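Take a moment to look over the sequence and the model. The questions below then go through it part by part.

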Amino acid sequence: MTTAPELVKQAKQAVGKQAAQWVESGMVVGLGTGSTAAFMIQFLGERLQRGELQQVRGIPTSFQAMVLARQAGIPLTTLDEVSEIDLAIDGADEVDPQKNLIKGGGAAHTREKIVDGLAKEFIVVVDGSKLVAHLGSTFPVPVEVLPLAIVPVMRALEQLGGEPEIRMAVKKDGPVITDQGNMVVDVKFAEIPDPASLEMHINNIPGVLENGLFVGLAGRVLVGEVTDGQPQVR
Ligand code: 5RP
């Protein structure tokens, strides 16, 4: 498995580049969030600048994706202005053998679920370290919560069998705040035997906006690895 940081970066770059090749002229493309999706945005921008593609419009899943897309020269649109999204390309924090995902490591899972879920095809781009046998084994489930409801929501998450923890900013001087102005609770579950049921139960808690379980949404999963020094995508 590719684990050294430089090799992981090369794997993400390779898979981001390959995913950008799936975009065709005229497409409306959901632009994912995170370091792997950032490579895809960069390479998609380069294809547009080379004139390989025409009339492509992006719908960003976060302020991060919006800024990167603008820097890359990708024209943007909104959900108000399009009738459908042809393709979404986005990263993930975990992918299980059924292609169910945990997302939200970048606190963008609410917009990601809207955009990725509306797309006719949703391509997931990951390095090999994201593949797991069972969801929740390496990553907690991120939950976006309205700040006024943080205490009752955390109690309710405990009643569901989870260990919730408010996500703090890197400097630990305050909570992470989402693009919507909310907080994120990361919930560790000993096991997640039924991801679809857990996704529904978490979202039924008043004050929860969305959680990072993506069940049955992913289509193709592109996996980047570095083998014998060579970045590859499978
Ligand atoms: C953001 C996400 C990201 O797609 C996920 O965290 C993967 O990020 P990276 O490509 O940097 O590993 O869900 O909310």
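Q: Which helices each supply at least two residues of the shell around the ligand?
A: This is a predicted model, in which local features need pLDDT of at least 70 and side-chain atom pairs count only at pLDDT 80 or more, while totals for chains, interfaces and linings use all residues. Residues are numbered from 1 along each chain as its sequence is written. Helices (DSSP runs of H or I, at least four residues) and strands (runs of E, at least two) are numbered from the N terminus. The helices that each supply at least two residues of the shell are H2 and H4.

Q: Which helix gives the most to the shell around the ligand?
A: There are 18 residues around the ligand, and Gly34, Thr36, Gly91, Gly105 and Gly106 come nearest. A residue is near a molecule or strand if its C-beta atom, placed from the backbone, lies within 6 Å of it. With three residues, the helix that gives the most to the shell is H2.

Q: Is Glu112 buried or exposed?
A: A residue is buried if 20 or more other C-beta atoms, placed from the backbone, lie within 10 Å of its own, exposed if 12 or fewer, and partly exposed in between. Glu112 has 31 C-beta neighbours inside 10 Å, so this residue counts as buried.

Q: Which residues does Glu112 touch, not counting those up to four places away in sequence?
A: Two residues are in contact if their C-beta atoms, placed from the backbone, lie within 7 Å. For Glu112 the contacts are Gly32, Thr33, Thr61, Asp90 and Lys103.

Q: How many of the 10 residues of H4 are buried?
A: The buried residues in H4 are His109, Thr110, Arg111, Glu112, Lys113, Val115 and Asp116. H4 is thus mostly covered, and its number of buried residues is seven.

Q: What is the average twist from one strand to the next in the six-stranded sheet?
A: The six strands form an open sheet in the order E2-E1-E3-E6-E12-E13, with mixed pairing; two strands pair if DSSP finds at least two bridges between them. Strand E2 (57-60) and strand E13 (230-233) are at the edges with a single partner strand each, so one side of each lacks a neighbour in the sheet. Axes are lines fitted to C-alpha atoms, for helices over the stretch in contact, and angles between N-to-C directions run from 0 to 180 degrees. From one strand to the next, the twist averages 20°.

Q: What angle does the direction of H2 make with that of E6?
A: Strand E12 (residues 221-227) pairs with E13 in the antiparallel sense over four bridges, and Glu225 stands opposite Gln232 in E13. Helix H1 (residues 5-20) packs on the sheet by touching strand E3 (85-90), strand E6 (119-127), E12 and E13, at about 140° to the direction of E12. Helix H2 (residues 35-49) also packs on the sheet, where its contacts are strand E1 (28-31), E3 and E6. Its direction makes an angle with that of E6 of about 115°.

Q: How many of the nine residues of E6 are buried?
A: E6 pairs in the parallel sense with E3 over five bridges, and Ile85 stands opposite Ala119 in E6. E6 also pairs in the parallel sense with E12, over four bridges, and here Val125 stands opposite Leu222. E6 is largely enclosed by the rest of the structure, because its buried residues number seven.

Q: In the four-stranded sheet, which are the edge strands?
A: This open sheet has the order E8-E9-E7-E10 and antiparallel pairing. Pairing on one side only are the edge strands, E8 (162-166) and E10 (208-211).

Q: At about what angle to E10 does H4 run?
A: Strand E7 (residues 141-145) and E10 run antiparallel and are joined by three bridges. Val145 has Val208 in E10 as its bridge partner. H4 lies across E7 and E10, and its angle to E10 is about 65°.
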